[in-house]
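Have the model open while you read.

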Amino acid sequence: MKRFKQILCVVDSRDGAKTALERAVSLAENNQARLKVFVVVENISVAPEMLSGGPSADELMLAAVEMWTRDLETLVKPYWSRIAIEIEVSVGVVFLETIRDVLRHAHDLVIKTAEPQDWLDRLLGSSDMHLLRKCPCPVWIIKPNAPNSHRRILVAVDVDDACPPRELAARRALNQEALELAGSLAISEFAELHVVNVWQAPGEGMLRRSFLNAPDDELDSYVNDIRCRHELILDTIIAELTSKLGAAAEEYRIPQLHLVEGAARREIPALAKRIDADLIVMGTVARTGVPGFIMGNTAETILGQIDCSVLAIKPPGFVTPVTLRG
């Protein structure tokens, strides 16, 4: 298992908090990592009619912080015999304070239970999506009903090499990290590991239109060449992964490969549903040097369709647009 050193478990509701906490405790134990459990209390405003004789906004905020502190102590108490756990209650916007804590303390993984079931309806404005877009370290969003141990893990890789050298290097590094992390998880939990690459032959649809008079055999050869190139690259990186994972990879027959023609935004969620994946590990857009540019339309569309936990990996060189307060 990849050795995390500083894990941050974010709790933003009492419902489902135990799922994320148990996962965080297990990871911290296995990695001999430090674990912090973190709550952010949203700023409280007081209606004008409450100002006369009623509690002030500061008093309400203090009461909320004290309440959450007691709740966190109760939540983590069963795990104190296993591992030391730091707790903290902060005030502000959940995703902003989470990212600021990552920046202050160099956390290398954020674990958080997914927002309530209607989160997909407001995905683009949710704290979860803000974290997935802007947090500088990997973010693991766990569905409240996620199993304690994964049965099937799906990792999506992008092996298209038709891009500028700098982006290609970042994409390869992103693939490698996602594969190694997913592979280690699969071995530690005796889970099936499925690797998917979705590919397309650029312009195939237009070329097959009869008025262009493109010979079918030439088109078939063109499409097959694209597929073979993807297959060769995929086989190469899988061989590298298997070599790193060692004998355990052979014993548990991992990974299972899926080379799928089509659009990633459609085929990846469909495959996840078909194999009943418990977790999807995926890299985000492999582009560097643009602060905050991490989630593209394809990644967001995929996340909007899946109904399982997701572990999102950032590309090398990513810079969060969130800054520490002065």
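**Notes on the model**

1. Let's begin with E86, which sits in strand 3 (residues 85–91); helices (H or I, at least four residues) and strands (E, at least two) are DSSP runs, numbered from the N terminus. This is a predicted model, where local features need pLDDT of at least 70 and side-chain atom pairs count only at pLDDT 80 or more, while totals for chains, interfaces and linings use all residues. Residues are numbered from 1 along each chain as its sequence is written, and side-chain values use heavy atoms, with hydrogens and water left out.

2. Staying with E86, its relative accessible area is 38%, so it is partly exposed (buried is under 20% relative accessible area, exposed over 50%, partly exposed in between; 1.4 Å probe, protein chains only). Leaving aside residues up to four places away in sequence, E86 touches R34, L35, K36 and V37, with contact meaning heavy atoms within 4.5 Å. E86 and V76 lie 10 residues apart in sequence, and their C-alpha atoms are 9.2 Å apart.

3. Strand 10 (residues 309–313) is worth a look: five of its five residues are buried, so it is largely enclosed by the rest of the structure. Both of its faces are covered, with S309, L311 and I313 buried on one side and V310 and A312 on the other.

4. Which strands pair with strand 10? Strand 9 (residues 279–283) runs parallel to strand 10 and is joined to it by five bridges, V281 being the bridge partner of L311. Pairing here requires at least two DSSP bridges between the strands.

5. On cysteines, the structure has zero disulfides, a disulfide being a pair of cysteine sulfur atoms within 2.5 Å.

6. Finally, the second largest pocket has a volume of about 320 Å³. Of its 17 lining residues, D276, A277, D278, D307 and C308 are the closest to its centre. Helix 9 (residues 264–275) gives the most to the lining, with four residues. A pocket is an open set of points on a 1 Å grid over the protein atoms alone, where a 1.4 Å probe fits, with protein on both sides within 12 Å along at least five of seven lines; lining residues have an atom within 4 Å of a point. Grid points are joined across faces, edges and corners, and the volume is the space filled by probe spheres set on them.
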